[in-house]
Structures are given as C-alpha cells and as structure tokens.
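Me: I have a structure I'd like to go through with you, starting with how its parts pack together. Could you take me through it slowly?
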Amino acid sequence: MLKKIPKLLSPELVAVLMEMGHGDEIVLADANFPGHSHHSRVIRYDGIGIPELLDAILELFPLDHYAEHQAAFMSVVPGDPTVPVVWETYKEILAKHDAEAVIGHESRFDFYDRSKQSYAVVVTGEEALYGNVILKKGVIRS
C-alpha cells in the first residue's frame with residue numbers, strides 16, 4: 001500500500017499512468033467498447049464505472065494543455081437518438097481536477113483509430129452509451 005494513491009487504482013493502472021509521457025493518451029472505455037480488438041495493452045476494470053475511475057485517475061494525471069483538447073468523447077452516430085447524459089458527469093469531474101480542461105469530440109471510427117494509437121485502453125463496466133473518453137497526458141506545472 002502507498003499513501004495518497006486512490007484505492008480504486010490497481011498497481012497495473014498506476015504503472016501505466018507512470019509510464020506514459022507527455023502527449024500519450026489513455027482510453028477509458030465503456031463495457032461495449034472493442035478494446036481487445038483495438039489494442040494489445042488492455043486493462044480490465046469490469047464492474048467499475050468510468051466516473052469513479054476518471055475521478056481517481058485525475059488525482060494523479062496531469063492533462064496536456066499544449067493540445068487543443070485535453071479529453072475527447074466519442075460523438076453520437078448520426079441518426080442515433082441517444083443523448084449521452086454521462087458526459088455532464090465527466091465534464092464536472094474534469095472541471096473539478098482541471099478547470100481549464102477542454103473537451104473535443106471524435107466520430108466513432110476516428111475515436112477507434114485514435115484508440116489504436118493510445119498508450120493503453122482501460123475497459124470498464126460502464127454501461128452508459130457513448131461513455132468512452134480519451135485523456136491526453138500533460139506535464140506537471142510548477
């Protein structure tokens with residue numbers, strides 16, 4: 001055990017967050033996301049929702065303010081009537097940890113392509129549709 005590391009974060013996830021460098025991205029994926037077919041480095045967090053995990057990760061994880069967007073959501077597919085209410089929760093959590101965070105949106109297949117280039121994919125038990133989010137790692141500012 002270590003002090004000040006949120007208990008929700010596994011040793012494997014903390015190691016990945018530590019290994020990541022400036023500009024690297026991590027995907028927090030909902031339960032429907034095809035993580036294993038898109039990436040070889042997949043961390044499973046079955047049964048855990050993204051809001052809790054996002055909040056825990058952002059305790060440790062600086063966001064990249066050299067990028068246009070520090071986070072990205074998967075856009076709703078045109079014609080799909082789904083309204084992703086979970087996005088408001090994500091925005092509140094991001095703002096809690098970084099008031100300057102800017103969120104972008106990626107189409108489904110652009111999001112998939114971006115996830116293939118990410119450092120890792122964390123597949124969660126999140127059941128909200130369009131619940132996926134990409135975080136871009138920044139630097140510690142003094």
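Reply: Contact here means heavy atoms within 4.5 Å, and helices (H or I, at least four residues) and strands (E, at least two) are DSSP runs numbered from the N terminus. This is a predicted model, in which local features need pLDDT of at least 70, side-chain atom pairs count only at pLDDT 80 or more, and totals for chains, interfaces and linings use all residues. Residues are numbered from 1 along each chain as its sequence is written, and side-chain values use heavy atoms, with hydrogens and water left out.

Me: Which residues of helix H1 are buried?
Reply: In H1, residues 11–19, the buried ones are Leu13, Val14, Val16 and Leu17, where buried means under 20% relative accessible area, exposed over 50% and partly exposed in between (1.4 Å probe, protein chains only). They lie on the same side of H1 because they cover an arc of only 160° around the axis, taken from the directions from the helix axis to the C-beta atoms.

Me: And what covers the buried residues of H1?
Reply: The cover includes strand E1 (25–29), strand E2 (42–45), helix H3 (50–57) and strand E5 (120–124), while the face turned away from the buried side carries the exposed residues Pro11 and Met18.

Me: How many residues of H3 are buried?
Reply: Six of its eight residues are buried, so H3 is mostly covered, and what covers them includes H1, E1, E2, helix H4 (86–97), E5 and strand E6 (133–136).

Me: Switching topic, is Glu25 buried or exposed?
Reply: Glu25, which sits in strand E1, counts as buried because its relative accessibility is 9%.
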